[in-house]
Amino acid sequence: MRSKEKHESTGAAPAQGGETPKPNSGNGWERQRKREGNKEMKIETKFGEATLSIESGKIAKQASGSVLVTLGETVVLATAQASNDKREGIDFLPLTVDYQERFYSVGRIPGNFFRREIGRPTEKETLTSRFIDRPCRPLIAKGWTYETQVIAQALSVDDKYDPDLLAMLAASAALTVSDIPFDGPIAGTRVARVGGGLVVNPVQAQLAEADLVLIVSSSPEAVVMVEGGAHQVPESVLLDAIFVAQEAVRPLLDIQLEFRKALGKPKRPVPEITVDQALIEKVKNAYREDMRQALTVKEKMPRHAQVSALKARAKAELAEAHPEGGADISSAIHQLEAEILRGSILSEGRRIDGRTLTQVRPIDCEVGYLPRAHGSALFTRGETQSLGVATLGTSYDDQRLDTVIGDTSKSFMLHYNFPPYCTGEVKRLGAPGRREIGHGALAERALRTVLPSRDKFPYTIRLVSEILESNGSSSMASVCSGTLALMDAGVPISAPVAGVAMGLVVEGDNVVVLTDILGDEDHLGDMDFKVAGTMTGVTAVQMDIKIKGVTRDIMTRALAQAKDARLHILECMSKSIRAPRTEISQYAPKTYMMEINPEKIKDVIGPGGKIIKSIQAETESRVEVEDSGKVTIYAPNAEKAEAAAEAVRRYTQSPEIDKVYTGKVVKVLEFGAFVEILPGTDGLVHISQLANERVQRVSDVVREGDIIDVKVLGIDKQGKIRLSRRAVLE
């Protein structure tokens with residue numbers, strides 16, 4: 001039996017049916033509640049013209065936590081579940097986050113052979129899984145080694161609201177009400193700058209007009225993740241957008257806390273990690289100076305070799321006295337490394353490689369590195385090296401995407417490859433993982449805003465970043481090598497783009513922001529904040545943190561240091577190439593664009609594509625005709641492009657009165673001959689117009705197949721053309 005129940009946070013009993021909305025904290029949102037039978041709960045919040053609802057306890061009840069989130073007609077279900085069996089012998093969190101989009105959510109059937117969602121996740125699903133995982137992972141208790149899985153599914157999708165951020169909200173809420181030790185909640189929103197103003201939770205139409213789009217995730221304490229792109233906006237605008245978004249998600253955090261209070265399950269205890277603290281302190285004291293000495297080695301591989309040798313020596317020397325202490329010794333060496341690295345940064349302002357806190361590593365750039373590539377560049381920053389390679393193609397090379405929003409295409413792609421040798425490792429080669437896809441998407445976003453429009457540069461562009469060495473911030477090195485490769489390929493970008501990764505070390509009130517972090521500073525530090533942009537402003541950002549959150553002051557400092565570093569890197573890059581080349585590679589396809597009368601398109605195509613195929617075969621070109629009448633020709637060289645253009649002109653010309661044409665006799669009759677003066681266009685030369693003298697028989701003057709010159713005398717209302725050979729002879 002259902003009953004009305006007083007809710008603790010308001011002291012008011014929810015009404016049956018349509019509840020009376022109640023203002024929430026004066027922020028313009030309205031909230032209504034319903035709780036049924038102590039097992040179901042639903043909270044609705046008015047947001048703009050749409051209603052956001054979160055409910056739990058009605059579906060997927062066997063999962064440890066399940067939440068359904070609805071905004072407009074977009075519906076997302078998220079579940080959280082942890083295994084009952086602990087994984088032994090691991091020192092990491094075995095968490096898997098998967099986001100899935102179902103084609104039935106938009107009333108479509110998948111276009112593949114099997115007609116079902118199979119195979120690898122789409123890029124959108126992978127990227128969404130990543131930005132749900134990144135803010136949630138640090139909030140699950142340390143020492144939790146039970147297999148944990150979060151699944152978010154888009155069940156219904158409208159044309160206004162993207163389900164990705166609803167999936168983040170649903171995932172956090174599912175973890176919050178589950179028995180998994182999650183120290184959340186978190187919530188995210190999208191913020192865009194449209195017409196100079198900031199819009200929270202924009203609809204798809206507004207996103208198309210925005211010059212800044214950010215995804216910001218926050219906990220109750222602080223911002224925990226930022227990701228997005230912009231059209232060279234100032235850092236101050238970026239900061240305003242981040243903290244407008246942070247304020248906007250507070251009601252979503254409050255709702256989740258109410259769910260936890262009403263429906264949350266008791267959190268499972270985290271297994272105690274039994275350590276021999278005395279042994280750990282013993283190891284630290286005995287090997288502190290050796291570790292300090294190892295961390296003075298500037299090169300990554302020799303330094304790691306010394307640290308590994310130190311760990312092996314410690315285990316060997318202590319094996320007899322502590323035969324079961326191998327794990328504690330490894331832990332002690334790792335803690336010692338972190339203490340010394342972080343301590344030298346905080347107390348001495350000294351980094352592993354001897355740089356100052358704001359100094360960028362040495363940079364070397366080389367363009368035209370590969371002779372046959374359309375554009376290439378080698379970018380080296382310290383021990384991080386990226387080979388950028390640009391390839392130009394035709395619109396037939398666009399990437400076709402079959403997604404729930406319909407069939408779409410991409411004319412610019414950036415692919416990031418991270419082979420094992422770049423870190424001195426041996427691993428099985430396979431398809432790109434989530435990290436590779438995420439880093440490639442970040443670099444692609446950073447460069448997309450400076451590319452020319454398709455009308456000005458009608459090429460499909462593929463950039464590949466091959467990471468040849470890695471010691472921190474290879475995604476930002478990809479931005480730099482990609483910029484250089486584009487300019488080497490002759491792509492008229494509006495401005496060069498560079499990127500840098502910022503780090504953070506925090507101990508109490510002591511806060512240090514690091515410029516251009518090393519891999520060890522990323523691993524042992526508290527933040528990875530990647531910023532890419534031009535001389536004018538920011539084009540892409542991505543921030544992940546390992547602490548509770550970062551303040552506006554820290555972010556302001558990080559962005560200011562990032563700008564200084566970016567300008568320095570851009571200056572170094574300009575020494576190798578200052579502007580895009582004026583000519584594209586001799587190996588790239590040449591383009592020629594022209595406009596034709598749309599009514600003539602059928603004449604260029606021909607029956608079954610016969611005409612256009614013959615033009616392409618004869619000129620070794622590719623001819624693309626749009627419904628608007630725009631024709632784009634891709635050819636191996638300029639001569640063949642012009643030949644193809646001339647062929648198109650022949651099929652699209654209209655006959656002009658008094659103009660002389662060279663034509664072919666296609667048919668001979670008693671009263672005259674038909675002559676084809678343009679492809680697919682012929683006219684009649686009457687017997688009286690064949691010669692100056694009287695003609696008895698047409699065949700006495702011309703035969704089928706003859707090539708003759710004729711003049712257009714007139715064109716009647718039906719389009720019939722009168723020709724004269726006699727007028728030419730006279």
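**Close-up views of the predicted model**

**View 1. The largest nonpolar core of the predicted model.** This core holds 127 residues, of which Leu 214 and Phe 529 touch the most other members. Helix α2, spanning residues 163-177, contributes the largest share of the core, with 11 residues. Apart from this core lies another one, of 28 residues, including Val 283, Val 307, Val 512 and Leu 518. In soluble globular proteins, nonpolar side chains tend to be buried together.

**View 2. The contacts of Phe 529.** When residues up to four places away in sequence are not counted, Phe 529 touches Val 500, Ala 501 and Met 502, as well as Val 541, Gln 542 and Met 543. Phe 529 is, with Leu 214, the residue that touches the most other members of the largest nonpolar core.

**View 3. The cis peptide bond between Gly 184 and Pro 185.** Omega of this bond is about 5°. Pro 185 belongs to the loop between α2 and β9, the latter formed by residues 187-194. Most residues other than glycine have a negative phi, and most peptide bonds are trans.

**View 4. Ala 60, a residue with positive phi.** Although Ala 60 is not a glycine, its phi is positive, at about 50°. The residue sits in the loop between β4 (50-56) and β5 (65-71). Ala 60 counts as partly exposed because its relative accessibility is 32%, between the limits of 20% and 50%.

**View 5. Asn 201, a residue other than glycine with positive phi.** Phi of Asn 201 is near 55°. Asn 201 occupies the loop between β10 (197-200) and α3 (204-207).

Note on methods. Residues numbered from 1 in each chain as written. Predicted model: local features only at pLDDT ≥ 70, side-chain atom pairs only at ≥ 80, totals over all residues. Heavy atoms only, no water. Core = buried A, V, L, I, M, F, W, Y, C linked by side-chain atoms within 4.5 Å. Buried < 20%, exposed > 50% of the residue type's maximum accessible area, 1.4 Å probe, protein only. Helix = DSSP H or I, 4+ residues; strand = E, 2+ residues; numbered from the N terminus. Contact = heavy atoms within 4.5 Å.
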